[in-house]
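Here is a report for a reader who is new to this structure. Please look over the chains before reading on.

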Amino acid sequence: MKHAVADTRVAVIIPAYGQPWLTCETLHTALNQIADFNYSIVIVNDGCPTTETHDVCQTFASGFPERVFYLSKSNGGLSSARNCGIEFALAAFSQLEAVYFLDCDNRIGPHLLQRLLNALRSSGPEVGWAYPDVSKFGFAEHADTSGPYSPLEHLFRNFCEAGSMASRRMLDAGIRFDTEMRQGIEDWEFWLQGMEKGFRGVHVGDTGFAYRRRGESMLVAAERDFDSIKRYIRHRHPRLYNPRNVLTLEADARSRYAVYHPDTDSVSCFTVADHIEKLTRKEFIVRLLQAGQRPAYGSCPGQLIAMNSSLFDGFLANGQLLGVLWTLECALSRSTVVACSVRHSSAARPSISWTSGIDTDKDRWPGGWRETIFAIECFELIRHALSGTTDIRGGGMQSGKQHHYLPLHIQYSGAAIPDQVDHSHDSLQTLCRGIVEVAELTRHGLWDALPLDRHRAQTALPRHVYPELFNLPSVLPSGVEQGKRYAALILNATNAEKLTAAEHLAQALNFEGFIVHLFLFAPACPEIAARSAFSQIITMPLPHLLSGVRSDTYQAGLISRLEKRHMNEAVGALATYDRVVSVDGGLSHSLMGSLRRLKVETWALLGNGTGKVTSAEINACSAFEQAYSAIILPDLETAHLCRAFGIPEARLRLWSSVINSADEFTTADIT
Amino acid sequence: MLRAPTHMLSRLHDGNPKIIILTLDSAQPDNELPLDQYVFQLVDDDHFTLVQAEEDGHPNADIHIFDLPPSNVWAFWAPGLVQDTSLDALKTWYANTGGKDLDAPIVKGSQKAVMELLLARSLREAQRLGNMNLALMRDLAVLRESWLNHVRIPAEIEELLANLRLASPRLIFNNSDTPDNVAISIESRIIQPLPIGARGLLGFDLNVIDVGAGSGILFAQLLARDTGAVLARGQIAFDALCPGWIPFRLQSASAASSHSLELHIWTESEIGATAPQIAATPAGLLSRFSFDPQANAVRSSQLLAQMLALKLWGGLPGVAMYTFEGELVNDQLTALEVPLPDSLVETVRLTREMTAPYPVFGYMERGKVLLRPLKAIPSAAVIRLPATRGLIEISCEVFIDDRRCEARHLGTRVVVTSRGVEADAAERGEGVLAATDWVELTEPLTPSRLIVRLPDMQNEPVDVHLFTRLPKPGPVPPHGRIVFNRFVAEVHAASAWNVSPIMLREP
């Protein structure tokens with residue numbers, strides 16, 4: 001049957017450079033496709049100097065003139081050759097639906113084109129490409145790329161091979177290979193372009209795609225330069241590789257926390273608390289056990305926190321949940337198990353105080369009520385549950401952690417009073433029993449014994465993403481409300497003057513459209529009158545509880561600094577805010593340089609809006625002035641003093657001009 | 001430099017030899033040339049546009065500016081007065097975009113000159129193809145010679161392979177150890193994804209619950225999903241079926257490399273016949289291996305998804321195990337290795353009480369059993385095996401699982417008895433079917449294999465007693481954690497099934 005070139009639906013683009021006899025094998029498999037549509041093969045000779053390459057390409061083109069087309073171009077690299085093939089296919093084949101990229105030393109199964117195109121055709125318009133499993137031959141290896149596509153995972157792991165099919169809509173959106181990338185891994189960058197334009201991938205199994213892995217190849221060479229290539233890719237995509245975007249993807253996946261509520265026997269999975277997926281305990285455990293067997297990145301959070309739902313709701317209503325979870329997360333990065341006793345008292349205004357050591361004294365608070373929060377990584381919980389040991393504190397220390405068991409205590413008050421019935425004391429044991437039951441029901445042992453490729457079968461953890469992308473342990477999930485900007489005001493202490501200044505500033509920022517969070521670098525936050533100005537109040541107790549604060553001197557002044565690990569956590573806590581304001585200096589100064597490099601707008605407030613600024617304050621601020629985009633001063637006299645300390649005038653702004661907008665808002669609101 | 005309508009691009013870049021005619025006007029020259037010819041008209045000093053034939057029917061097609069020269073051009077022919085500057089510009093463009101100098105000559109003048117050139121080129125082309133063919137034939141000859149003379153397996157490797165070939169077929173997957181089995185009728189085709197790849201697969205067992213009635217045939221087929229190729233197919237008449245496990249076997253373990261396999265089961269029968277029923281079992285966690293693909297899509301029914309009750313057997317690829325008729329090729333292949341499932345090992349229980357403030361006994365993950373020697377008398381535990389047809393051997397691995405252990409000569413022993421024999425009696429030799437001697441462990445983490453060969457085949461339940469002891473009475477050595485692992489039963493192949501294997505053959 002004569003092949004109708006004009007009706008070509010898929011173009012297989014094969015860049016050719018060297019390896020002519022392997023190219024024969026590649027072309028042979030490309031010509032053997034079984035498909036119910038017309039496809040063409042476009043060979044692009046990338047200026048290969050050896051005549052054998054030309055001879056092989058020309059011979060196949062002559063042998064299959066209706067199927068194989070041959071382009072010969074000056075050498076420009078793999079990306080350039082593929083782009084050349086794309087442009088040719090778009091121009092020559094008016095009915096083109098997709099292109100498939102096949103490198104000249106790989107092989108494909110006979111149903112590959114049909115299955116990939118079927119997947120694209122049956123997907124929504126957001127799906128831009130279809131990618132196969134990879135069976136590596138030569139040095140044998142099989143890479144299981146299956147599972148639902150995760151854009152979050154794709155930011156830190158390239159599981160979409162170049163041997164994938166790109167839809168016409170991707171190409172029409174102007175997506176092409178980066179011709180500057182001549183060292184390899186250009187396929188990852190290509191898919192990231194798609195992701196940046198809103199496209200997603202879809203996995204297709206059983207395609208028979210086979211990647212030839214040789215001792216020395218472009219991929220092997222690229223693996224040596226992987227770090228520099230990754231840096232280049234991230235530099236090319238600042239819209240993808242910034243903490244806020246990554247957090248948005250993580251929020252979509254709801255993959256940060258799994259909070260088990262022993263009082264309702266349910267699990268809340270989420271990254272940000274206004275985007276929660278509720279599961280029954282059994283549903284969650286099934287998902288958790290599946291996460292260890294098959295790839296589905298982000299389907300199950302990796303951090304489990306056991307907390308009664310009434311306490312969860314109380315923290316949520318009082319704007320304290322974010323801070324509590326963040327502190328538990330930081331503690332969990334140090335310890336296999338974190339136990340946190342909680343005592344609650346009723347008060348009109350919320351307060352919270354953290355101390356070290358769990359409170360086991362039931363008599364100290366007569367008639368009082370106490371419950372316990374536990375935090376543990378999900379896989380550690382499975383390991384413990386299936387090992388059959390009874391006391392979770394008796395196990396070994398998890399690799400990479402400093403403690404096996406870290407006890408903490410929260411003294412907390414608020415208007416929202418949790419149910420004073422404690423279901424929490426054996427919450428982890430309940431989960432463990434559930435895991436054992438569900439493991440038996442779901443035949444976990446049967447599947448666990450099977451030698452599956454589990455490289456990508458894992459629960460989601462911040463440490464998979466943020467250290468790799470930003471050199472941060474994690475980022476605080478501040479929020480991802482559409483169209484909103486987020487601001488953090490940082491205080492070291494909570495005296496009335498500082499709180500008033502923070503409140504005024506918060507009102508001004510609210511008026512500008514910011515959602516404002518108050519950060520306290522202290523183990524306790526007392527009752528705050530202006531609670532309503534802040535949607536969240538976040539205490540950062542660990543540096544104080546774990547001896548993570550030290551002092552330096554700058555021009556004879558004493559400046560507090562955080563130890564490196566605490567500092568990284570503090571930067572992570574603030575990295576997703578659009579604007580961070582140091583209200584009273586202190587520890588916050590030293591964070592601002594890192595935040596600014598992450599494109600966070602950094603402000604310092606001098607004088608707390610009261611007009612009284614000490615030389616010591618200015619001295620401390622001047623040590624970090626380059627880290628600030630704006631320094632807010634009470635008056636012109638202070639501005640002179642700041643200039644005298646070497647702070648450039650361009651950074652200085654007057655307090656009155658900053659809060660003006662808030663005054664207007666307040667007046668308008670009253671009238 | 002060259003421009004053409006987009007619908008002509010594929011023709012200009014196909015592999016056919018072609019000649020490009022460069023003209024000053026749009027008239028199609030009346031030439032008889034033995035290859036595809038395309039007329040390009042010079043539209044300004046250095047641009048040529050393809051002149052379309054009237055029969056093309058694309059009068060208003062988009063004009064594409066070529067970034068690359070057309071493929072397999074044998075000659076450029078300028079019959080008219082095209083200026084040299086335009087032809088030079090064409091050469092330069094060709095070299096810049098095509099990555100090499102213009103390899104087709106530009107001919108100015110009559111058709112005769114073109115024909116002479118084409119003849120010369122044809123002869124060169126024929127010679128080139130002849131040379132390529134010659135080189136290919138010599139390559140193949142050298143390849144064959146290298147197989148003959150150079151690809152020799154050293155004798156010691158051949159001996160090793162010969163020993164490997166004696167290895168027993170091994171049970172590599174068994175999902176039937178659950179009471180939740182149900183019977184399903186084979187009325188329509190059942191497509192069961194297999195959880196293993198093709199390489200090393202020797203066969204499978206299906207559990208027939210009801211043999212059906214009437215005249216009909218049950219078919220089984222193994223299909224590689226990636227290539228769509230049928231690897232093997234077998235069949236059995238309804239009246240040859242009997243209840244219980246039915247073995248289906250390849251003559252030798254598959255050497256195919258497909259990662260994804262499907263087992264298709266179906267029947268063909270006369271009207272009025274009743275299809276056989278086979279056992280199915282819950283797929284559990286990985287519902288992707290269920291035979292009902294719809295079950296994957298519905299979350300609530302995930303745990304209800306079913307797969308066939310299966311035993312999958314593996315062997316060394318390429319080694320003939322069975323004859324065409326289903327007889328074992330080699331008497332030494334009569335044994336089958338059946339790893340004890342973790343769910344069975346997990347039932348291990350102590351038979352002598354022992355207490356300590358630290359873990360001394362218990363089932364660990366992945367089929368491991370901890371049994372520390374503590375006292376002057378040996379520590380003891382038992383695993384109760386259900387009736388296993390043709391049981392002839394029990395073996396396991398044992399080791400000290402803590403590298404800090406400095407104690408030497410920690411003793412271990414396995415004793416197999418009839419069901420219900422107490423540990424004390426087993427130690428005294430009462431009711432014992434077979435036992436190992438005491439084996440002393442001297443190095444941490446170095447495993448020893450304990451093998452208990454039964455004097456006769458057992459079809460009844462047996463107890464497997466595990467013992468550990470200190471080298472001499474005294475203080476308990478620190479870190480002396482003895483762990484038993486990798487329990488394997490060996491069964492006699494001929495006794496394991498009621499029927500001879502149904503052979504699967506390549507279609």
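## The model

This is a predicted model, in which local features need pLDDT of at least 70, side-chain atom pairs count only at pLDDT 80 or more, and totals for chains, interfaces and linings use all residues. Residues are numbered from 1 along each chain as its sequence is written, chains are lettered from A and ligands numbered from 1 in the order in which they are written, and side-chain values use heavy atoms, with hydrogens and water left out.

## Domains

Chain A is split into domain 1 (5-236), domain 2 (252-466) and domain 3 (485-670). The bounds come from an automatic or database domain assignment. Between domain 1 of chain A and domain 3 of chain A, the C-alpha centres are 51 Å apart.

Chain B is also given as domain 1 (2-118), domain 2 (170-331) and domain 3 (342-494). Here the C-alpha centres of domain 1 of chain B and domain 2 of chain B are 62 Å apart.

## The sheet in chain A

Chain A holds an open sheet of seven strands, in the order β3-β2-β1-β4-β8-β5-β9. Its pairing is mixed. β3 (68-73) and β9 (200-204) of chain A are at the edges; each has a single partner strand, so one side of each lacks a neighbour in the sheet. From one strand to the next, the twist averages 25°. Helices (H or I, at least four residues) and strands (E, at least two) are DSSP runs, numbered from the N terminus. Two strands pair if DSSP finds at least two bridges between them.

Take one pair from this sheet. Strand β1 (residues 8-16) of chain A runs parallel to strand β2 (residues 38-46) of chain A, and eight bridges join them. Opposite Thr8(A) stands Asn38(A) in β2(A). Helix α7 (residues 186-196) of chain A lies across β4 (98-101), β5 (127-132), β8 (165-167) and β9 of chain A. α7(A) runs at about 145° to β5(A). Axes are lines fitted to C-alpha atoms, for helices over the stretch in contact, and angles run from 0 to 180 degrees between N-to-C directions.

## Helices α1 and α2 of chain A

Helix α1 (residues 20-31) of chain A packs on helix α2 (residues 51-63) of chain A at about 20°, with the axes 9 Å apart. That makes α1(A) and α2(A) roughly parallel. Angles under 35 degrees count as roughly parallel, over 145 as roughly antiparallel, 65 to 115 as roughly perpendicular and the rest as oblique.

On the α1(A) side, the contact residues include Trp21(A), Leu27(A) and Leu31(A). On the α2(A) side they include Val56(A) and Phe60(A). Contact means heavy atoms within 4.5 Å. The residues of this contact divide into seven nonpolar, three polar and one charged. Ala, Val, Leu, Ile, Met, Phe, Trp, Tyr, Cys and Pro count as nonpolar, Asp, Glu, Lys and Arg as charged, and the others, Gly among them, as polar.

## Helix α11 of chain A and its partners

Helix α11 (residues 281-291) of chain A packs against helix α15 (residues 427-441) of chain A at about 65°, with the axes 9 Å apart. α11(A) and α15(A) are therefore roughly perpendicular. Their crossing is right-handed. Among the residues that meet are Ile285(A) and Leu289(A) in α11(A), and Leu431(A) and Val438(A) in α15(A). This contact has eight nonpolar, two polar and two charged residues.

α11(A) also packs with helix α14 (residues 378-387) of chain A, at about 95° and with the axes 11 Å apart. α11(A) is thus roughly perpendicular to α14(A). Phe284(A), Leu288(A), Leu289(A) and Ala291(A) of α11(A) meet Cys378(A), Phe379(A) and Ile382(A) of α14(A). That contact has seven nonpolar residues, no polar and no charged.

## The sheet in chain B

In chain B, four strands form an open sheet in the order β10-β15-β12-β13, with antiparallel pairing. β10 (190-194) and β13 (230-237) of chain B are the edge strands, each pairing on one side only. The twist averages 20° from one strand to the next.

Strand β12 (residues 216-224) of chain B pairs with β13(B) over seven bridges, in the antiparallel sense. Leu223(B) stands opposite Val230(B) in β13(B).

Definitions and conventions. A crossing is left-handed if the near helix is turned anticlockwise from the far one by less than a right angle, and right-handed if clockwise.
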